Amino acid sequence: MRIESQKFNGVCECGENHKMTTRAAIIESHASANVRDYLREFGFEGSFAAIYDENTYQAKALNHPDASLEIVLPPENLHANERATDFVLSKLKGHTVRYLVAVGSGTIHDTTRYCAHKLGIPFVSMPTAASVDGFCSTVSAMTWRGCKKTMPGVAPDLVIADTSVIKEAPLRLNLSGIGDILGKYSALADWQIASAVTGEHFCSRIHELTMKAVQTVYECCDQVVSREEGACAQLIYALLLSGLAMQMMGNSRPASGAEHHISHTIEMEPPAIGVHSDGLHGEKVGVGEIMISQWYHKLVSIHDIENHVQEYRFWTEEELREFWGDSLYEGIAAENDSDAMAGVSPEDLIHAWPEIRKIVNSIPTPEDLEKLYTRLGMKKTLEDLQVPEDKADQILYFSPSVRKRTTFNRISRMIKL
Ligand SMILES: [Zn+2]
Ligand SMILES: [Zn+2]
């Protein structure tokens with residue numbers, strides 16, 4: 001199976017000229033045995049370095065591409081951070097390589113895309129688990145000197161996904177990929193609702209592409225748990241499709257909404273929450289999806305919205321400082337330098353309400369999600385992420401401030417129950 005991303009490029013009916021940098025994604029059984037052929041087909045020549053961590057270096061069923069240099073990141077405190085990038089760049093010193101190949105999951109990809117950007121060379125992605133939809137990202141999600149930061153990077157030129165390797169990945173990683181994809185239900189709803197309320201640009205082709213990814217996963221997820229290779233192929237296909245939809249959009253709008261804001265909030269460890277979670281990205285998104293589904297369905301049960309609307313207001317500095325603490329507050333304030341909700345009136349919300357109710361009803365109910373998560377063995381609650389359950393209301397209330405993006409959760413500031 002291949003995703004020929006080039007065929008999505010060009011002028012769209014939404015008025016944008018979409019452009020993807022990733023040329024293609026190859027999803028095949030034993031693809032890692034044929035890397036040389038794929039590289040040649042896409043015009044990659046000369047020497048390259050392959051970057052692994054200790055787990056992916058030993059990954060079952062993986063054929064190592066014949067790189068002129070193999071770099072294996074040490075396991076201690078392995079994050080996409082200055083340590084990992086310094087390690088890769090120092091190993092590359094004195095070698096002339098034409099491109100890099102990332103063999104691994106998220107951390108390896110972010111480290112590699114940052115180094116490739118620094119060196120001004122392309123990179124090829126070889127995911128070893130279907131854990132996130134960020135493989136095709138154009139920016140590096142880094143932890144820089146302890147702070148979460150989005151840093152420059154490059155998208156992979158080519159993706160080679162070996163489904164016989166992905167099938168053997170730790171199940172927790174592949175379940176995390178399912179969580180990341182199920183989060184698109186609310187991410188897509190948030191985008192549609194924002195468009196209905198604030199007039200934000202909306203592209204139905206990108207929406208459709210991401211929705212296709214969600215449906216694909218909904219259909220195959222049980223077989224991912226039983227390690228059927230075809231289902232794992234569908235899962236990595238969906239994750240790559242979602243990543244390519246983000247490339248097409250030029251930002252993460254189609255893939256990240258209120259459920260991701262919950263994940264980011266937990267990750268930033270605000271003092272008001274006061275705990276560290278070991279949850280993987282997709283696990284946190286999956287839990288966030290249940291919380292958001294519950295909240296959104298509760299909101300749209302309101303029939304007489306005109307009796308519940310109030311003027312939109314941003315959080316006060318005092319309450320933001322209290323939740324985020326002084327050190328995180330500065331970043332939160334800088335992120336919210338503008339607010340698409342500022343000009344929205346109660347009448348606008350009343351006008352959009354029937355549409356909003358329709359959109360939210362396309363998100364699975366929390367009961368349906370819980371049933372599915374239980375069946376698959378996914379994390380379901382804040383407690384599963386080591387976050388006290390009694391923090392749920394605060395997380396729901398403050399998480400929209402983590403990004404300035406309009407979500408129904410941010411809009412809900414105009415609704416009193
Ligand atoms: Zn479009
Ligand atoms: Zn995500």
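**Helix packing and the zinc site**

Modeller: This is a predicted model. The axes of helix α7 (residues 184-198) and α10 come within 7 Å and cross at roughly 120°.

Biologist: Which residues in α7 and α10 meet there?

Modeller: From α7, Lys184, Ser186, Ala187 and Asp190; they meet Ala258, Glu259 and His260 in α10. By class, that contact divides into two nonpolar, two polar and three charged residues.

Biologist: At what angle do α10 and α11 pack?

Modeller: About 125°, with the axes of α10 and helix α11 (residues 281-299) 7 Å apart. That angle makes α10 oblique to α11. The crossing of α10 past α11 is right-handed.

Biologist: Which residues of α10 and α11 meet?

Modeller: On the α10 side they are Ala258, Glu259, His260, Ile262, Ser263, Ile266 and Glu267. On the α11 side they are His281, Lys284, Val285, Gly288, Glu289, Met291, Ile292 and Tyr296. Seven nonpolar, four polar and four charged residues make up the contact of α10 with α11.

Biologist: How many residues of α10 are buried?

Modeller: Nine of its eleven, so α10 counts as mostly covered, with buried meaning under 20% relative accessible area. The buried ones are Ala258, Glu259, His260, His261, Ile262, Ser263, His264, Thr265 and Ile266.

Biologist: And what do the buried residues of α10 pack against?

Modeller: They pack against α6, α7, α11, α12 (317-335), α15 (392-398) and α16 (408-411).

Biologist: What happens just after α10?

Modeller: Glutamate 269 follows the helix and takes a positive phi of about 50°.

Biologist: OK, the metal. Which residues coordinate the zinc ion (ligand 2)?

Modeller: Asp180 through OD, and His260 and His281 each through NE2, at 2.1 to 2.2 Å. The sequence spacing of these donor residues is D-x79-H-x20-H. Aspartate 180 and histidine 260 link distant parts of the chain, 80 residues apart. Aspartate 180 is in helix α6 (residues 171-182), and histidine 260 is in helix α10 (residues 258-268).

Biologist: Are aspartate 180 and histidine 260 buried or exposed?

Modeller: Both aspartate 180 and histidine 260 are buried.

Biologist: Change of topic. Which residues other than glycine have a positive phi, like alanine 61?

Modeller: Alanine 61 has phi near 70°. Alanine 61 is in the loop between α2 (54-57) and β6 (69-73). With a relative accessible area of 39%, alanine 61 is partly exposed. Arginine 227 also has a positive phi, about 60°, although it is not a glycine.

Biologist: Where does arginine 227 lie?

Modeller: In the loop between α8 (204-225) and α9 (229-249). Arginine 227 is partly exposed as well, at a relative accessible area of 31%.

Biologist: One last residue. Where is arginine 375, in which helix?

Modeller: Arginine 375 is in helix α14 (residues 366-376).

Biologist: Why is arginine 375 called exposed?

Modeller: Because its relative accessible area is 52%, and exposed means over 50%.

Biologist: What separates arginine 375 and aspartate 222?

Modeller: Their C-alpha atoms are separated by 8.0 Å, while the two residues are 153 residues apart along the chain.

Technical notes
Residues are numbered from 1 along each chain as its sequence is written. Chains are lettered from A and ligands numbered from 1 in the order in which they are written. This is a predicted model: local features need pLDDT of at least 70, side-chain atom pairs count only at pLDDT 80 or more; totals for chains, interfaces and linings use all residues. Side-chain values use heavy atoms; hydrogens and water are left out. Donors are N, O and S atoms within 2.8 Å of the metal (3.2 Å for Na, K and Ca); water is not among the atoms, so sites may look incomplete. Helices (H or I, at least four residues) and strands (E, at least two) are DSSP runs, numbered from the N terminus. Buried means under 20% relative accessible area, exposed over 50%, partly exposed in between (1.4 Å probe, protein chains only). Axes are lines fitted to C-alpha atoms, for helices over the stretch in contact, and angles run from 0 to 180 degrees between N-to-C directions. Angles under 35 degrees count as roughly parallel, over 145 as roughly antiparallel, 65 to 115 as roughly perpendicular and the rest as oblique. A crossing is left-handed if the near helix is turned anticlockwise from the far one by less than a right angle, and right-handed if clockwise. Contact means heavy atoms within 4.5 Å. Ala, Val, Leu, Ile, Met, Phe, Trp, Tyr, Cys and Pro count as nonpolar, Asp, Glu, Lys and Arg as charged, and the others, Gly among them, as polar.
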